[in-house]
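Here's a quick tour for anyone meeting this structure for the first time. Have a look at the sequence and the model, then read on.

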Amino acid sequence: MLNITADKIAHVIIRAREYDSGVNAWAHQGERRQHGTRTELHDFIAGLNEDEQASLVAVMWIGRDSFDAADLSEAIATARAEQTTPTEDYLMGEPRLADLLEAGMDALGISPEEAEDDLQKPV
């Protein structure tokens with residue numbers, strides 16, 4: 001069972017795309033703790049609980065084809081057991097993080113587009 005909401009995964013996808021694209025003027029200004037997409041994404045992932053972090057890694061692995069969607073429980077257990085670096089550093093070191101998370105959500109039958117659209121609705 002996935003221990004993270006689709007909205008949280010979508011938030012990571014959106015921020016990872018902003019960071020990778022450099023569209024956000026603050027995207028690579030991580031030295032300013034109160035600004036920067038990189039810092040915001042890093043802090044968001046660090047703020048997730050252990051179950052959410054393991055699920056997020058598992059979704060990325062499923063998107064990368066390291067695990068099948070049917071092996072979600074095994075992927076989550078492996079993410080917990082094999083963690084050697086902080087999850088936020090591990091995931092942010094993945095150059096295609098947003099794409100892999102979207103692919104993982106798709107494989108699990110979760111609509112990444114719907115979750116992303118819900119987060120980006122105008123106020």
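What pLDDT does the chain average, and what share of the residues score at least 70? This is a predicted model, where local features need pLDDT of at least 70 and side-chain atom pairs count only at pLDDT 80 or more, while totals for chains, interfaces and linings use all residues. The chain averages a pLDDT of 85, and 80% of the residues score at least 70; pLDDT is the predictor's confidence in each residue, from 0 to 100. Residues are numbered from 1 along each chain as its sequence is written, and side-chain values use heavy atoms, with hydrogens and water left out.

**Confidence along the chain**

- (A contact means heavy atoms within 4.5 Å.)

**Overall build**

- You'll find 7 helices and 0 strands here, so the pattern along the sequence reads α-α-α-α-α-α-α; helices (H or I, at least four residues) and strands (E, at least two) are DSSP runs, numbered from the N terminus.
- Of the 123 residues in the chain, 41% are buried. Buried means under 20% relative accessible area, exposed means over 50%, and partly exposed is in between (1.4 Å probe, protein chains only).
- Counting contacts with a separation of 6 or more, 66% come from residues 24 or more positions apart.

**The nonpolar core**

- The largest nonpolar core has 29 residues, and I9, L56 and L101 touch the most other members. Such a core is a set of buried Ala, Val, Leu, Ile, Met, Phe, Trp, Tyr and Cys residues joined through side-chain atoms within 4.5 Å.
- Two or more residues of this core come from each of α1 (6-21), α2 (37-46), α3, α4, α5 and α6, with α3 giving the largest share, 8 residues.
- Which residues does L56 contact, leaving aside its neighbours within four places in sequence? They are I4, I9, V12, I45, L48, L91 and L101.
- L41 sits in helix α2 and counts as buried, because its relative accessibility is 2%.
- Leaving aside neighbours within four places in sequence, L41 is in contact with V12, R15, A16 and M92.

- Not counting residues up to four places away in sequence, T78 touches W61 and F67.
- E74 is also placed in helix α4 (residues 72-81), but counts as partly exposed because its relative accessible area is 46%. E74 and A58 are 16 residues apart in sequence and 8.6 Å apart in space, C-alpha to C-alpha.
- A69 is in the loop between α3 and α4 and is partly exposed, because its relative accessibility is 27%.
- A69 touches I62, A107 and L108, again not counting residues up to four places away in sequence.
- From A69 to G109 is 40 residues in sequence and 8.9 Å in space, C-alpha to C-alpha.

**Helix α6 and what follows**

- Which residues of helix α6 (residues 97-107) are buried? They are L97, A98, L100, L101, E102, G104 and M105.
- After α6 comes G109, with a positive phi near 80°.

**The largest pocket**

- Rolling a probe the size of a water molecule over the atoms shows where empty space is left.
- The largest pocket has a volume of about 250 Å³. On a 1 Å grid over the protein atoms alone, a pocket is an open set of points where a 1.4 Å probe fits, with protein on both sides within 12 Å along at least five of seven lines; points are joined across faces, edges and corners, and the volume is the space filled by probe spheres set on them.
- Its lining has 13 residues (each with an atom within 4 Å of a point), and V57, A79, E82, Q83 and T87 lie nearest the centre.
- α3, α4 and α5 (87-92) each give two or more residues to the lining of this pocket, and the largest share, 5 residues, comes from α3.
- By class, the lining has 5 nonpolar, 5 polar and 3 charged residues. Here Ala, Val, Leu, Ile, Met, Phe, Trp, Tyr, Cys and Pro count as nonpolar, Asp, Glu, Lys and Arg as charged, and the others, Gly among them, as polar.
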